[in-house]
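The exercises below concern the cavity and the pocket of the structure shown here. Each task is followed by a solution in steps.

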Amino acid sequence: MTLALDIQQLRKVYDNGFEALKGIDLRVDQGDFFALLGPNGAGKSTTLGIVSSLVNKGSGQVRVCGHDLDTQREAVKRSLGVVPQEFNFNSFEKVDDILIQQAGYYGIKPKLATERAEKYLKQLDLWEKRDVPARMLSGGMKRRLMIARALVHEPQMLILDEPTAGVDIEIRRSMWQFLRELNAQGTTIILTTHYLEEAESLCRNIAIIDSGEIIAQAPTRQLLQGKQRSTFVADINQSLTEVPDLNGFNCRLTDDGSLEFDIAHDDNLNDVFAQFQQHGLVVTSIRPKTNRLEELFVDLTSKQPKQEGAA
Amino acid sequence: MNHPYWVAFYTILSKEIRRFTRIWVQTLLPPAITMVLYFIIFGNLIGDRIGSMDGVDYMQYIVPGLIMMSVITNSYGNVSSSFFSNKFQKSIEELLVSPVPNWVIMLGFVFGGVARGLACGIIVMLLSLWFTHLEVHNLFVMLSVILLTAVVFATAGLINAIFATKFDDVTIVPTFILTPLTYLGGVFYSVSMLPEVWQWVSKLNPILYMVNTFRYGIIGVSDIPVLSAYGMLFVFLAALMGWALYLLNTGRGLRS
């Protein structure tokens with residue numbers, strides 16, 4: 001099967017000498033829901049910028065839906081919808097004009113463009129705002145406008161660079177639902193995000209990039225299973241002044257009187273509860289300290305040597 | 001008319017026209033007011049004392065130059081400000097991610113500038129009819145020169161916007177280069193009035209050729225051979241369009 005995205009040995013050095021990408025390889029299957037994660041300045045936006053023709057490539061090969069970026073750029077662009085990190089529409093233009101114009105750039109004539117604009121504005125709950133200048137929209141609406149704009153030519157692959165940044169939880173969840181449905185209809189989706197629960201919840205495959213190198217790429221489930229250690233927080237029915245000695249488990253007292261303990265992947269939570277019971281402690285609730293993917297992310301990226309500069 | 005490139009060109013052009021008509025108080029009204037003042041002060045008040053120039057009434061003599069001045073500044077200013085605003089707001093990325101070829105982007109913006117330049121030219125010409133009588137001496141020369149001039153300066157405005165990194169950069173060229181060249185381009189006087197050395201210097205100014213050829217198209221009077229103006233316009237056109245396309249293809253100021 002043709003890959004939706006096939007990147008080989010992609011390098012990028014900016015004019016200021018910063019090496020943003022050090023020869024990365026990345027493969028995304030058609031129909032996948034894929035997350036590209038990494039800390040700030042890791043190379044996520046540079047990678048997606050090159051794929052979407054907003055950043056000039058250094059060296060290496062990029063193929064999108066079977067089309068080569070160097071020799072078939074127009075076909076690559078037709079296959080792609082791009083939702084950037086920053087708002088990049090003319091804020092003085094009306095919402096439906098922004099979509100109709102974008103369709104026009106893809107050669108879609110005004111009648112069909114108007115129909116498509118209506119379809120996606122309705123799907124993204126922006127139809128009531130169609131005659132409003134874009135500057136009058138809320139932050140969440142602006143994000144949804146950029147998604148609608150990216151879909152108006154009905155691309156095979158959608159790239160979203162931090163699509164839910166600064167969006168409240170309700171709108172974020174409705175956007176997740178919309179993206180799930182879009183993916184179920186066959187659109188390949190690649191996103192970057194700093195909300196790791198978003199990646200864990202939505203994406204079947206994940207790549208982690210740091211300092212211009214891919215340091216992990218695997219199915220989300222497999223990546224999480226490979227995690228060696230998790231940290232849990234237990235609320236106890238009494239206030240503690242000393243840390244109880246839980247044999248074999250590293251345990252700490254938190255500021256609010258809860259107990260925090262580490263547990264290895266092959267350990268058993270029942271053993272921890274047995275030890276709590278031996279000490280006469282009753283656990284009233286328990287929760288992971290952080291999202292599992294977040295822990296893995298911190299583990300992996302903290303091992304990478306850092307370089308100066310940013311793209 | 002169904003070709004995707006044509007649809008894209010039409011989309012960019014109509015967007016540009018919508019932009020300058022939406023803000024008509026900033027784009028169409030100022031040249032009208034400025035030129036009416038020129039007609040009143042230079043044409044009526046001072047012109048009455050000057051009498052005739054190259055055998056025609058002074059008001060009639062300056063009208064073609066003032067129309068051309070308006071076309072030059074507005075076709076240039078439209079593209080430089082619109083394209084730079086697109087860069088500044090990053091909405092230019094809408095075009096960069098789309099499959100529109102760079103030559104279509106260039107022509108879309110350039111003809112948007114031409115549309116505003118010609119709209120202002122028509123407004124100024126209609127206003128001039130309140131002050132003087134105009135007869136067209138050579139319609140082909142009049143239309144072709146004003147169209148070519150608008151295209152040349154709109155393309156120059158695009159190049160200015162590509163290089164610009166801040167709003168100041170799109171005002172420097174019009175203020176310090178375009179305006180002096182226009183005023184010294186024979187709008188208000190015949191270069192034959194100047195000492196020989198200044199006549200020679202004036203002939204290095206491309207706007208002199210455009211103004212005089214347009215004047216020839218309207219009143220049949222010119223300081224320079226009309227054919228040389230066409231030659232110069234085509235050379236400028238080819239050079240500027242080639243340069244603009246090269247800059248767009250390399251992503252100068254647009255892609256890092």
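**Exercise 1.** Determine which elements each supply at least two residues of the lining of the largest cavity, and which gives the largest share.

*Solution.* Step 1: at least two lining residues each come from β6 and α5 (139-151) of chain A and from α5 of chain B; helices (H or I, at least four residues) and strands (E, at least two) are DSSP runs, numbered from the N terminus. Step 2: the largest share, 3 residues, belongs to β6(A).

The model is predicted: local features need pLDDT of at least 70 and side-chain atom pairs pLDDT 80 or more, while totals for chains, interfaces and linings use all residues. Residues are numbered from 1 along each chain as its sequence is written, chains are lettered from A in the order in which they are written, and side-chain values use heavy atoms, without hydrogens and water.

**Exercise 2.** State how much space lies in the largest cavity and which residues are the closest to its centre.

*Solution.* Step 1: a cavity is a set of points on a 1 Å grid over the protein atoms alone where a 1.4 Å probe fits but cannot get out; lining residues have an atom within 4 Å of a point. Step 2: the space in the largest cavity is about 90 Å³. Step 3: among its 14 lining residues, A:Val82, A:Gln102, A:Arg149, B:Glu94 and B:Val97 are the closest to the centre.

**Exercise 3.** Identify the element that contributes the largest share of the lining of the largest pocket.

*Solution.* Step 1: a pocket is an open set with protein on both sides within 12 Å along at least five of seven lines. Step 2: α1(A) contributes the largest share, 5 residues.

How values were computed. Grid points are joined across faces, edges and corners, and a volume is the space filled by probe spheres set on the points.
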